[in-house]
Amino acid sequence: GDEEMEKKAFFQQLDERTDIRYTDSGLKIFRLKFPRAHLRLCNVKIDFGSRNVCIRAESGDTLLPYGTAHFLEHLLFWHNGRNLYSDFFAHGALLNAFTTYTDTNFMFTSLPDRLRQTIPILLDALWNHSFDKKIVAQEKAVITSEIQTAHLNHQLSYHYQLISMLSPSSPAAVFPAGRIEDIEALDISDLQKAYKAAYQAPRMTLFLIGGSENTETLLPPHLQLEKRPDYHAERKIIPACPPALSQKMVLGDEERMEDTWTGLQIGALPGQNDLLTIKLYWDIASRILFQLDSPFFQEIQQTYRLEIDRLSAETYIYEDGGFLILHSQGTHSSAYIDVASYYVTQKKEQVAAWLQYGKDSLTYAIIYDSDYVRKCFEWAAECDRCDCSFLDMYHIIQDMDAQVFLSLIDAMASSNKAIIHVSQKEAIRQ
């Protein structure tokens, strides 16, 4: 109908506002124009994250301690004895940085006329770092206390515990800052090797979001921009899940299941292993299954008189496998996944309506998010990682059908699961 046409037009418009260029050194510039935005968001994303624990070189492989990418992110704030944060602050810009499983990001927002001063400062710091033993020692202390603090956050520790129960050798099971023993083990030559391999222009994307200026007017003049010749990145795919383990690992008291954390392993579906497609499918399915205001959840709650007071799910889906982390509270919290999968198979005639809810929910989320440069960046980064357009994303969402949803439910029911029950006493102590 008309409404679908409007939604599709919105995604097309995002593509029309996107301008992708390259500098002669191979730095990718991802410009997304937004006429109404007051500030400009700039983010330099480096394709080096907490999963990168090995550097391959002609001379052999170097294994890096966990937490290397995050450690470099800390070091790079120090440039020629000065701190970037205060340099940026002097230019009226707040610089922030974060390391994820897949990348390191340096992000700031600023008024448009400040970008020509701030972007060169950032690129200079990222490309011309000189290592200083004193600063390395100082950051070891800072990061060690950051790790200790993270361990006090129960939600965070359950999260990594579930992943390590499911996939003990995956770097995804380790907090991005690493473990204390990793930080102790880091030496300056590992850091230099990692820096040299990772902070190369071809591994970096500079996002510029907001405003309607041309890309050239926001960037320092010495960056020569060109369109890239037709080139397609290799399609990113996700492997099938390992066969299910029969055991359910339970920590805590099974008799009192008021608070349940469940980790599931997720991967390719029959006939579908495209990474972005699987990500979007699980996003839609999570909105249907795990949002308290979804019609599916309300129906199931009424049908079975389920006592569930809290439900939240997060998915982490990468080329080396994926995880869904579900947190549920209430008397029936630990039965929810089984009940939900059974209900879907009983009510197949309802799937189309549920699916429409999930698709609309995701589509509107992207449309509303695009009003905030920070949220919009997340979707732009997804397009960049998967080398796709916003319209490609729209089509993947629309093409998800009942068959796909059913095979996803199947995969969920038969997946590897790890469960942590937190008894009420524990939960109150938090």
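In the predicted model, the side chains of glutamate 319 and arginine 51 come together in a salt bridge, with a distance of 2.9 Å from N to O. Glutamate 319 belongs to the loop between strand E14 (310-318) and strand E15 (321-329), whereas arginine 51 belongs to the loop between strand E3 (40-46) and strand E4 (54-57), so the contact ties together parts of the chain that are 268 residues apart in sequence. Glutamate 319 has a relative accessibility of 26% and therefore counts as partly exposed, and arginine 51, at 21%, is likewise counted as partly exposed, because this class covers values between the 20% limit for buried residues and the 50% limit for exposed ones.

Side chains of opposite charge can pair when their charged atoms come close. Another of these contacts is formed by the side chains of lysine 227 and aspartate 19, with 3.0 Å between N and O. Here, too, distant parts of the chain are linked, as lysine 227 is found in the loop between strand E11 (225-226) and strand E12 (249-251), while aspartate 19 is found in strand E1 (residues 18-23), 208 residues apart. The two partners fall into separate accessibility classes: lysine 227, at 56% relative accessibility, counts as exposed, whereas aspartate 19, at 13%, counts as buried.

A further salt bridge is made between the side chains of glutamate 382 and lysine 279, at 2.9 Å from N to O. Both of its partners lie in helices, glutamate 382 in helix H14 (residues 373-386) and lysine 279 in helix H10 (residues 275-290), and the pair links parts of the chain that are 103 residues apart. Glutamate 382 is buried, as is lysine 279.

Helix H8 (residues 188-198) shows how buried residues can be arranged around a helix, its buried positions being Asp190, Leu191, Ala194, Tyr195 and Ala198. When H8 is viewed down its axis, these buried residues fall within an arc of 130 degrees, which means that they line one face of the helix. The N-terminal end of H8 is capped by aspartate 187, a side-chain oxygen of which lies 2.9 Å from the backbone nitrogen of serine 189.

Technical notes. Residues numbered from 1 in each chain as written. Predicted model: local features only at pLDDT ≥ 70, side-chain atom pairs only at ≥ 80, totals over all residues. Heavy atoms only, no water. Buried < 20%, exposed > 50% of the residue type's maximum accessible area, 1.4 Å probe, protein only. Helix = DSSP H or I, 4+ residues; strand = E, 2+ residues; numbered from the N terminus. Arc of directions from axis to C-beta. Polar contact = N/O pair within 3.5 Å; in protein donor to acceptor, adjacent residues only side chain to side chain. Salt bridge = Lys/Arg side-chain N within 4 Å of Asp/Glu carboxyl O.
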